[in-house]
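Here is a short briefing on one protein chain.

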Amino acid sequence: MFLEGYDLKKNVHSYQQGDLKIAYDVNSGSLHILDDTTFSILKVLERLQEEHQPLARETVAALLQAEGMPLPQEVAEEIFAEMEELQQEGVLFSKEAEERGPAYPAKPIVKAICLHVAHDCNLRCNYCFAGTGAFGGQRGLMDVATGKQAIDFVLEASAHRKHCEVDFFGGEPLLNYQMVKEVVRYGKEAAQAKGKTIKFTITTNGVLLSEEIQNFLEQEDISVVLSIDGRPEVHDRMRPYANGQGSYAQVAPRLQQFAAKRPESSPYAVGTYYYARGTYTHYNLDFDQDVTHLLDLGMKQISLEPVVAQPSDPYAFQEGDLPEILKTYDRLGEELLARRRKGEDFSFFHFNVALDQGPCLPKRLSGCGAGHEYVAISPEGDLYPCHQFVGQEEFKMGSLGQEGVPLNKEIIAKFRSAHVYSKAACRQCWARFSCSGGCHSANHAFSGQLNEVYALGCELQKKRLEVALYMKIKEA
């Protein structure tokens, strides 16, 4: 058979979503709608490969016959002929990409930094990975001099690249608003002097998002990530003030006001954008209701992420939660399709998928570039692979005060080697080029290794991709 030696389950994902049976050709990015017979044939072929049996057409027909699905010879010949033709066209059973890790320059080119301007916060979110803003250390704010040093660092470390990115992060970065203003001014002037541009982003819980600050963010073209979890009772349970009082009543109107100021915003988080970013937990497995709540508030760019927590945390996902989460993604996909049919314009981040113009292969193999293309900088000027690792001494890469800011070569090598071909679970996974091996921090938190995946995260990523591909077909 023409599929002899071809790893079918790894390279063609066939599944049912809603009323469609779909085949996703992993290496070409092609999507195919299948009839019942073709779908059954693909599933039988997968099973034969798993059992190390030869892929003979007669065997396929016999197995289908035994399962009460006769396969007339003329039908079989027509289906297999069409599959062979699609293979020759390179859109089904396409050639698998060679397993070769991404190549990087010897000296890292750091194009983006996450500037921790505030290790303090005015909220006390229960699931906060940053220890409610302090990152396991002392609460404090970054000074302007350190912020300027960080700007100089990224302009130098980005080498020939003309575009750099600076994210203001915390804690709550608006606690250090005057410093942010000064660093933006300095950054734009310093970048212009070097013939470069800097794209600024800020992540805020919205408590301090006054009209003055909103206008500043608009005037300076600063992209904004707005933290809100959804319905009032959901948000207030996880995102209270230090005194335990919920923050929804104060935050939601300010986020609505800002979203109204920026009606045009990229669904793929490029250019100048905003999006509402929330977290769902064991307490709100029906988080589709939180997405629709945010849509009804006027938020048109939304990301709702699964909590990453230790099993002992009361809000962590529990055994038995996964089926409910998968059903929620199913419902959410159908709800968003229904709203689109009514003419609503919005984007749910995890259902965005670009089949024909996705990122280049090295980016799809390694993901975010943490630890060599992207670093986080603490208020004291210490450098870490990303914001999730700040404060963990074993991941400290250097400090701005060092001459030339030499980054720790061992840490760079660890992160550069953490790509899909170095992770056993990823190498055989059909979603490998979409998930890029998952979040480094989540993998490390659950396995202690960068090259071992966070299993629950994998299952959720695959489900989101299945729904996203289904929606792509439906909308076409």
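In this predicted model, helix α2 (residues 36–50) crosses helix α3 (residues 57–66) at roughly 110°, and their axes come within 10 Å. That angle falls in the range from 65 to 115 degrees, so α2 is roughly perpendicular to α3. The crossing of the two helices, α2 and α3, is right-handed.

**Helix α2 against α3**

- On the α2 side, the contact is formed by Ser-40, Ile-41, Val-44, Leu-45, Arg-47 and Leu-48.
- On the α3 side, their partners are Thr-59, Val-60, Leu-63 and Leu-64.
- By class, the contact of α2 with α3 holds seven nonpolar residues, two polar and one charged.

**Helix α2 against α4**

- The axis of α2 also comes within 11 Å of the axis of helix α4 (residues 73–89), and the two cross at roughly 75°.
- The pair α2 and α4 is therefore roughly perpendicular.
- From α2, the residues in this contact are Thr-37, Thr-38, Ile-41, Leu-42 and Leu-45.
- From α4, they are Val-75, Ile-79, Phe-80 and Met-83.
- The contact of α2 with α4 has seven nonpolar and two polar residues, with no charged ones.
- Ile-41 and Leu-45 of α2 take part in the contact with α3 and also in the contact with α4.

**Nonpolar cores**

- The largest nonpolar core comprises 118 residues.
- Ile-113, Leu-115, Phe-153 and Phe-168 have the most contacts inside this core.
- Helix α17 (residues 455–475) is its biggest contributor, giving eight residues.
- Beyond its neighbours within four places in sequence, Ile-113 contacts Ala-150, Phe-153, Val-154, Glu-165, Val-166, Asp-167, Tyr-374, Val-375 and Ile-377.
- Another core, of 24 residues, lies apart from the largest one.
- Tyr-6, Phe-39, Leu-48 and Leu-92 are among the residues of that 24-residue core.
- Leu-48 also belongs to the α2 side of the contact with α3.
- In soluble globular proteins, nonpolar side chains tend to be buried together.

**Backbone geometry**

- Most residues other than glycine have a negative phi, and most peptide bonds are trans.
- Which form does the peptide bond from Gly-170 to Gly-171 take, cis or trans? The bond is cis, with omega near 20°.
- Gly-171 sits in the loop between β7 (163–169) and α6 (177–193).
- Phe-93 is not a glycine, yet its phi is positive, near 55°.
- Phe-93 lies in the loop between α4 and β4 (112–116).
- Phe-93 counts as buried because its relative accessibility is 2%, and the cut-off for buried is under 20%.
- Ser-436 has a positive phi too, near 60°, in a residue other than glycine.
- The loop between α15 and α16 holds Ser-436.
- Ser-436 has 8% relative accessibility, so Ser-436 counts as buried.

- Gly-438 is in the loop between α15 (432–435) and α16 (440–447).
- Is Gly-438 buried or partly exposed? At 31% relative accessibility, Gly-438 counts as partly exposed.
- Not counting residues up to four places away in sequence, Gly-438 touches Lys-423 and Asn-443.
- Gly-438 and Ser-366 are 72 residues apart along the chain, and their C-alpha atoms are separated by 8.9 Å.

Conventions. Residues are numbered from 1 along each chain as its sequence is written. This is a predicted model: local features need pLDDT of at least 70, side-chain atom pairs count only at pLDDT 80 or more; totals for chains, interfaces and linings use all residues. Side-chain values use heavy atoms; hydrogens and water are left out. Helices (H or I, at least four residues) and strands (E, at least two) are DSSP runs, numbered from the N terminus. Buried means under 20% relative accessible area, exposed over 50%, partly exposed in between (1.4 Å probe, protein chains only). Contact means heavy atoms within 4.5 Å. Axes are lines fitted to C-alpha atoms, for helices over the stretch in contact, and angles run from 0 to 180 degrees between N-to-C directions. Angles under 35 degrees count as roughly parallel, over 145 as roughly antiparallel, 65 to 115 as roughly perpendicular and the rest as oblique. A crossing is left-handed if the near helix is turned anticlockwise from the far one by less than a right angle, and right-handed if clockwise. Ala, Val, Leu, Ile, Met, Phe, Trp, Tyr, Cys and Pro count as nonpolar, Asp, Glu, Lys and Arg as charged, and the others, Gly among them, as polar. A nonpolar core is a set of buried Ala, Val, Leu, Ile, Met, Phe, Trp, Tyr and Cys residues joined through side-chain atoms within 4.5 Å.
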